[in-house]
Amino acid sequence: MQRRPRLRVLAVAGALALAAPLLAGCSTAHGSARTVVTSFYPLQYVAQRIVGTHAQVTNLTHPGQEPHDVELTVRQTAQVEDAEVLVYEKGFQSAVDDAVSQVGPDHVVDAARAAGLSGDDPHFWLDPTKLSRVAVALERQVAAADPGHAADYARNLAGLRSDLAALDRSFRTGLASCRTTTIVVSHDAFGYLGRRYGLEVVGINGLSPDAEPSPAHVRALQDLIRRDGITTVFSEQLGSRAFADSLAGDLGIKAAVLDPIEGLSDATAGQDYLSLMRQNLRTLQKANQCT
Ligand SMILES: [Zn+2]
């Protein structure tokens, strides 16, 4: 008799390198493999922490790919269809929204709903307490799909929530006493982080990293930077750094990377959500002269 395969977790946003060898198996065992798909990196991270060794996680956004712009291949749409558990963020990646509405897997977690989002800023994962809420919702679905390992999933979730709570404490204490509380960022991804930790976040661009700032907006930014004594303009890993670099150069201040952690790239290989968040905290403390 064929035994039930281990739960497979597919993340919609990314790890195709990881997914490719798994897919070969999937196509021959169509419909029998239990799968979890995630749509972009922070969801992949959460899924991997929860399933531990009981499953493989596949992410739909390729490493280095901008998740806002993701398009799904036919093969990835099939992965969504075959997933027993899928976690995505409704309203963030329209290609994924379309696939989910067309082929809806059995167990779906909408991270936007689980995190309690309102408004049009999708970047909730930069508030660890919101990512923790998504982890709770995902664990519930994973345990429902694979009740035989429910105790392990519950234990893994507890460990993850403990790490996220510790990260939240580090940010609160680390940013409690700073010379400036304003940050200028190239990709306006840090609204949730700013609200949680008392930062005023000013975007060079809009919510999409592709938008071009207007000349009037650039002048307002320059005035703000001079007035508030801002030392650093932040750009990101995945997007273009050119504009932030030139703005910083014009004003004689620094440009640094604040990572929106939408995905991993060559520059962040070997890191994970927690280490990138801690790196962001150190970067913010230095730029805002926190004590
Ligand atoms: Zn973004």
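Student: Why does Y45 count as buried?
Tutor: Start with the value. Y45 has 5% relative accessibility. Buried means under 20%. The value 5% falls under that cut-off, so Y45 counts as buried. Keep in mind that this is a predicted model.

Student: Where does Y45 lie, and what about Y41?
Tutor: Both sit in helix α2, residues 41-51. They are 4 residues apart, about one turn of the helix. Y41 is buried too, like Y45.

Student: Why do residues three or four places apart point the same way in an α-helix?
Tutor: An α-helix has 3.6 residues a turn, so such residues face the same way.

Student: How many aromatic pairs does the structure hold?
Tutor: There are 7 aromatic pairs.

Student: What makes Y41 and Y45 a tilted pair?
Tutor: Check distance, then angle. The ring centres of Y41 and Y45 are 6.4 Å apart, and the limit for a pair is 6.5 Å. The planes stand at 45 degrees. Stacked needs under 30 degrees and edge-to-face needs over 60.

Student: What kind of pair do Y45 and Y273 form?
Tutor: Apply the cut-offs again. Their centres are 5.8 Å apart, with 35 degrees between the planes. The pair of Y45 and Y273 is tilted as well.

Student: Which parts of the chain does the pair of Y45 and Y273 link?
Tutor: Distant ones. Y45 is in helix α2 and Y273 is in helix α11, 228 residues apart.

Student: Is Y273 buried or exposed?
Tutor: Its relative accessible area is 0%. Under 20% means buried, so Y273 is buried.

Student: Which residues form one aromatic cluster?
Tutor: F40, F92, F124 and W125.

Student: How do you know that C178 and C290 form a disulfide?
Tutor: The sulfur atoms of C178 and C290 are 2.1 Å apart. The cut-off is within 2.5 Å, so the pair passes. The count comes to 1 disulfide.

Student: Why does the link of C178 and C290 tie together separate parts?
Tutor: C178 lies in the loop between α7 (150-174) and β6 (182-185). C290 lies in the segment after α11 (273-287).

Student: Are C178 and C290 buried or exposed?
Tutor: C178 has 19% relative accessibility, and C290 has a relative accessible area of 18%. Buried means under 20%. Therefore C178 is buried, and C290 is buried too.

Student: Why is V85 called buried?
Tutor: V85, in strand β4, has a relative accessible area of 0%. That is under 20%, so V85 is buried.

Student: What does V85 touch?
Tutor: Leave out residues up to four places away in sequence. V85 then touches T35, V36, V37, H107, L138, Q141, V142 and A145. Take A145: the C-alpha atoms of V85 and A145 are 7.3 Å apart, yet the two are 60 residues apart in sequence.

Student: Which residues of helix α4 are buried, and what covers them?
Tutor: In α4 (residues 94-103), A95, V96, D97, A99, V100 and V103 are buried. Their cover includes α3 (74-82), β4 (85-88) and β5 (107-110).

Student: What volume does the second largest pocket have, and what lines it?
Tutor: The volume is about 170 Å³. There are 13 lining residues, and E89, K90, G91, A112 and G119 are the closest to the centre. By class, the lining has 4 nonpolar, 4 polar and 5 charged residues.

Conventions: Residues numbered from 1 in each chain as written. Predicted model: local features only at pLDDT ≥ 70, side-chain atom pairs only at ≥ 80, totals over all residues. Heavy atoms only, no water. Helix = DSSP H or I, 4+ residues; strand = E, 2+ residues; numbered from the N terminus. Buried < 20%, exposed > 50% of the residue type's maximum accessible area, 1.4 Å probe, protein only. 1 Å grid on protein atoms, 1.4 Å probe; cavity = no way out; pocket = protein on both sides within 12 Å on 5 of 7 lines; lining within 4 Å. Points joined across faces, edges and corners; volume = space filled by probe spheres on them. Nonpolar A, V, L, I, M, F, W, Y, C, P; charged D, E, K, R; others polar. Contact = heavy atoms within 4.5 Å. Phe/Tyr/Trp six-rings, centres within 6.5 Å; stacked < 30°, edge-to-face > 60°.
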